[in-house]
Amino acid sequence: MATDHRTLHNRVLAVLGPAIAAGEYATGHTFTLQGLEEDFGVSRTVAREAVRVLESMRLVISRPRTGIRVRPLRDWNIFDPQLIRWRLAGSGRMEQLRSLNELRSAVEPGAAALAAVRGPAAERSRLVIVADEMARAGRAGDLETFLELDIAFHRRILELSGNEMLVGLSQVVSEVLVGRTSYDLMPRHPRPEALRLHKAVAQAIRDGLPDVAEAGMRAIVTEVVEALEDDPTKSDEDDVPV
């Protein structure tokens with residue numbers, strides 16, 4: 001029965017969550033448990049479980065006698081990975097990607113500089129190996145392997161920064177990378193310049209050169225922001241950075 005409840009409440013969330021995230025229900029819109037029961041054909045328990053998940057993301061607030069009310073965007077837990085996925089799946093995908101990449105541009109260059117001075121030597125050297133593996137996968141057009149390595153590369157830099165606040169953003173960065181691949185915003189073969197920059201950042205971190213590492217990472221994330229601003233409809237054949 002518990003499994004059935006989870007399946008049913010996930011079905012409710014799969015519809016209601018993305019709809020709220022996409023702005024289909026305006027701030028202040030009110031739901032009721034009874035209405036959710038009727039709309040989705042589920043029990044009161046299932047409806048309540050779905051609402052609790054939405055409350056945990058701060059998308060809605062539930063109060064006795066006033067119902068379940070949609071909260072303003074400023075209240076949302078915008079770093080929640082599921083919420084990021086919902087927003088990327090909606091009509092505001094490009095705006096969400098821009099916001100996320102602007103966050104990356106503010107965070108990752110500094111993290112790369114910290115990694116160059118704080119990371120253990122062996123771990124810093126390992127980044128160069130990952131960059132080389134990324135280049136091989138990219139040249140081969142193996143985007144699945146490339147994505148896995150790209151996530152590992154950027155996540156490891158945040159970890160090597162030695163700052164738990166930066167490490168806490170690892171999943172956010174991962175969702176950006178996954179989202180761009182999932183929604184066909186990556187070329188079949190990543191740009192050679194982007195691959196070169198990843199290798200340069202890895203080498204600078206390995207060699208303990210914080211200024212060089214920071215500049216290289218800034219070039220990586222700045223290119224992404226500029227590409228989205230210039231032309232958000234680039235095809236697979238276009239030069240889109242990674």
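The lining of the largest pocket splits by class into 5 nonpolar, 5 polar and 2 charged residues (Ala, Val, Leu, Ile, Met, Phe, Trp, Tyr, Cys and Pro count as nonpolar, Asp, Glu, Lys and Arg as charged, and the others, Gly among them, as polar). Keep in mind that this is a predicted model, where local features need pLDDT of at least 70, side-chain atom pairs count only at pLDDT 80 or more, and totals for chains, interfaces and linings use all residues. Residues are numbered from 1 along each chain as its sequence is written, and side-chain values use heavy atoms, with hydrogens and water left out.

**The pocket**
- The largest pocket has a volume of about 150 Å³.
- A pocket here is an open set of points on a 1 Å grid where a 1.4 Å probe fits, with protein on both sides within 12 Å along at least five of seven lines, and lining residues have an atom within 4 Å of a point.
- Its volume is the space filled by probe spheres set on the points.
- Among the lining residues of the largest pocket are Trp-76, Trp-86, Arg-87 and Glu-95.
- H4 and helix H5 (93-118) each supply at least two residues of that lining (helices are DSSP runs of H or I, at least four residues, numbered from the N terminus).

**H4 against H9**
- The axes of H4 (residues 81-89) and H9 (residues 170-182) come within 10 Å and cross at roughly 25° (axes are lines fitted to C-alpha atoms over the stretch in contact, and angles run from 0 to 180 degrees between N-to-C directions).
- H4 and H9 are therefore roughly parallel to each other (angles under 35 degrees count as that).
- Their crossing is right-handed, that is, the near helix is turned clockwise from the far one by less than a right angle.
- Pro-81, Ile-84, Arg-85 and Leu-88 in H4 meet Gln-171, Val-172, Glu-175 and Gly-179 in H9 (contact means heavy atoms within 4.5 Å).
- Sorted by class, that contact has 4 nonpolar, 2 polar and 2 charged residues.

**H7 and its partners**
- H7 (residues 143-160) packs with H10 (residues 192-206) at an angle of about 35°, their axes 12 Å apart.
- On the H7 side, Phe-146, Asp-150, Phe-153, His-154 and Ile-157 touch Leu-195, His-198, Val-201, Ala-202 and Ile-205 of H10.
- That makes a contact of 7 nonpolar, 2 polar and 1 charged residues.
- H5 and H7 pack at about 65°, with axes 7 Å apart.
- His-154, Ile-157, Leu-158 and Leu-160 are the H7 residues that meet H5.

Technical notes. Parallel < 35°, antiparallel > 145°, perpendicular 65-115°, else oblique.
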